[in-house]
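Start with the terms, then read the points by topic.

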Amino acid sequence: MSAPWYEQFFGRDYARFDRHPDTGREIAFLHQVLPEPPARVLDLACGTGRHAAPLSRGGYDVVGLDLSPVLLSRARRRPSTVRWLRADMSRIPLRNGSCDAVISLFSSIGYFDDESDNYRVLSEAARVLRKGGRLVIETVNRDFFIKHAPPQSWFWQGTLTVLEERRLDPLTSRSEVDVVVLEGGRHRAYHHSIRLYTAAELAMLLASVGVEVLDVFGDYDGSALSFDASRMIVVGERL
């Protein structure tokens, strides 16, 4: 049996072609919606720590959790006071109510094929939040994907050429992306697969785990969610 797609995808190639020019803008937004420092923030699926590290330097008590040893290795190189954890986000190794905020950014939900596992991620995030704590989820706007996402695209990063072919499965509402990395006349193939949600679906799921949605945005500038907004940012509060 092959390893899950995310264990193969988030490796050395991903760490090389991963691009995030808007991180500074994202951090500024988080400072507006999170409790004030020194609140304890869990960065769920923290990757290379591009949010966790600057939040810690801004005075937050941050825990960064990810399953990828490659990405965590990169994260640990960043100057910060973050406590880095390698763990499955559907089984968070933290106590009930031990966090003031949980963030899950850059489409880090919906990884699992089994919907009960995706639900468990939200349930675990709610479990570790204190009452009144904040949950911030940013993911692909499903409506935008249907209307605007190109079936093919490519970009260059250093010596890498990255080709992507994407489609939406209408029965599972999953974005299925085949990725080919070209370098030096050779190629490496990967697959990326996440469940996409509408705002209404996500709000109902969060309500079922005790989180009330306070706001939904279409960008980190605070603009409203629309069919033309590529991202969906949900800000909720633990009841």
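Buried area is the accessible area (1.4 Å probe) that two parts lose on being put together, summed over both. The size of an interface is often given this way. Here, domain 1 and domain 2 bury about 1700 Å² between them. Carbon and sulfur atoms carry 54% of that area.

This is a predicted model: local features need pLDDT of at least 70, side-chain atom pairs count only at pLDDT 80 or more, and totals for chains, interfaces and linings use all residues. Residues are numbered from 1 along each chain as its sequence is written, and side-chain values use heavy atoms, with hydrogens and water left out.

**Overall fold**
- The protein chain has eight helices and 11 strands. These are DSSP runs, numbered from the N terminus (helices: H or I, at least four residues; strands: E, at least two).
- The radius of gyration of the protein chain, taken over C-alpha atoms, is 17 Å, close to the 18 Å that the globule rule gives for 239 residues, so the chain is as compact as a globular protein of that length. The globule rule is 2.2 Å times the number of residues to the power 0.38.
- Along the principal axes, the C-alpha atoms fill a box of roughly 55 × 40 × 40 Å.

**Domains and their contact**
- Domain 1 covers 5-141 + 197-238, and domain 2 covers 144-192. The bounds come from an automatic or database domain assignment.
- The C-alpha centres of the two domains lie 23 Å apart.
- The contact (heavy atoms within 4.5 Å) takes 18 residues from domain 1 and 17 residues from domain 2.
- In domain 1, Asp13, Arg16 and Phe17 lose the most area to domain 2. Together they account for 34% of what that side buries.

**Charged pairs**
- Side chains of opposite charge can pair when their charged atoms come close.
- A salt bridge is a side-chain nitrogen of Lys or Arg within 4 Å of a carboxyl oxygen of Asp or Glu.
- The whole structure holds 20 salt bridges. Between domain 1 and domain 2 the count is four.
- Lys147 forms a salt bridge with Asp228, with the closest N and O atoms 3.3 Å apart.
- Arg120 forms a salt bridge with Asp117, with the closest N and O atoms 2.6 Å apart. Both residues lie in helix 6 (residues 115-128), three residues apart, about one turn of the helix.
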